[in-house]
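Subject: Structure handover

Hello,

Here is the structure for your files. My notes on it follow below.

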Amino acid sequence: MYKLELPENKDIPGLSIPKTLPHFNIRPSHGWVSLKLKDIWEYRELLYFLVWRDIKVRYKQTVLGVAWAILQPILTMVVFSIFFGRLAKVPSDGIPYPLFAYSALVPWQLFANALTASGNSLVANQQLLTKVYFPRLVIPMSAVLAGLIDFGVSFLVLIGMMFYFGVVPTVAVLTLPLLIMLAIASALAVGLWLSALNVQYRDVQYTIPFLMQFWLFLTPIAYPSSLVPEKWRILYGLNPMAGVVEGFRWALLGKTNGIGSLIFVSALVVAILLFGGLVYFRRMERTFADVV
């Protein structure tokens, strides 16, 4: 930080201007850059206000408001229960199929909404990007964190369904915060890649909906992961949401098989994706204001 010398103002009575003001010299990064994660903490108030803004914008001028957070997973659960549960007779590991499907849709909606919002976040905030300096990382982070409100609302419905079907969680429910963090980290990891690529190539914003539809059927939401042969389970764990969804059922419903190696493979994949996404995002952010 440097000090900028200012001349003393003698023309305006009562106006006192300090002789020195803080002066920040901002230079673009070159070569391989550091992640500078401490910048997120220094700009935590900006992150808070961006999260609050995203929440208000999401339900502004909507008739049903936050009820959309419940309707989306419930309507999807009804469709899955009719076609997969009743007509196709897909097994549900002894769990009532509506509860089986809804317990997977809750973390999936958190992941899908967060990934979609973060992937489009930089383009949606291009006016902000070109005006002032701040760590660009707070934009996709705020988009991801704003989805926690919807998750909280839909989770309350899940608790009500567990009470209705008489399902009592085991002590494994204590691992639920870790699984929620893994779902958020998964969305942020992929969102960092997509948001940076979206600045360069606007095709990405059209690709995201197709990606989410494809990813939905690769995740054990309408079917149990026990249908996957044991020899393919490690490969199946490369889908981070496979471990998260099975972990949710294991932690809350307690009637599925142990998540075993699936969750560890998923966590390792998320860690690699998140680190690579942070490095790529920081490397590309120097060009965001010029290209967006």
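A charge is said to sit over a ring if NZ of Lys or CZ of Arg is within 6 Å of the ring centre and within 35 degrees of the ring normal. The charged end of arginine 44 meets this rule over the ring of tryptophan 41, at 4.1 Å from the ring centre. Arginine 136 does likewise with phenylalanine 134, where the distance to the centre is 4.7 Å.

Before the rest, some notes on the source. The model is predicted, so local features need pLDDT of at least 70 and side-chain atom pairs count only at pLDDT 80 or more, while totals for chains, interfaces and linings use all residues. Residues are numbered from 1 along each chain as its sequence is written, and side-chain values use heavy atoms, with hydrogens and water left out.

Overall make-up

The protein has 14 helices and two strands; these are DSSP runs numbered from the N terminus, with helices being H or I of at least four residues and strands E of at least two. Of its 292 residues, 45% are buried (under 20% relative accessible area; exposed is over 50% and partly exposed lies in between, with a 1.4 Å probe and protein chains only). The exposed surface comes to about 16,300 Å², with 68% of it supplied by carbon and sulfur atoms (Shrake-Rupley method, 1.4 Å probe; for residues, only the protein chains shown count as cover). Among contacts (heavy atoms within 4.5 Å) with a separation of 6 or more, 78% join residues 24 or more positions apart.

The largest nonpolar core contains 73 residues, and Trp108, Leu115 and Phe248 have the most contacts inside it. Such a core is a set of buried Ala, Val, Leu, Ile, Met, Phe, Trp, Tyr and Cys residues joined through side-chain atoms within 4.5 Å. Leaving out residues up to four places away in sequence, tryptophan 108 touches Met212, Trp215, Leu216, Thr219, Ile221 and Met241.

Helix H7 (residues 138–145) has seven of its eight residues buried, so the rest of the structure largely encloses it. The buried ones are Val138, Ile139, Pro140, Met141, Ser142, Ala143 and Val144.

Aromatic pairs

The whole structure holds 10 aromatic pairs. Rings of Phe, Tyr and Trp (its six-membered ring) pair if their centres lie within 6.5 Å; planes under 30 degrees apart count as stacked, over 60 as edge-to-face and the rest as tilted. The pair of tyrosine 97 and phenylalanine 100 is tilted, because the ring centres are 5.6 Å apart and the planes stand at 40°. Both residues lie in helix H4 (residues 97–119), three residues apart, about one turn of the helix, and both are buried. Trp108, Phe111 and Trp215 are linked by ring pairs into a cluster.

Salt bridges

There are three salt bridges, each a side-chain nitrogen of Lys or Arg within 4 Å of a carboxyl oxygen of Asp or Glu.

- Arginine 53 and aspartate 54 meet at 2.9 Å, N to O. Arginine 53 is partly exposed at 31% relative accessibility, whereas aspartate 54 is buried at 17%.
- Arginine 249 and glutamate 246 meet at 3.1 Å, N to O. Both are in helix H12 (residues 240–252), three residues apart. Arginine 249 is buried at 0% relative accessible area, and glutamate 246 is buried at 6% relative accessibility.
- Glutamate 285 and arginine 282 meet at 2.9 Å, N to O, and both are buried.

Regards
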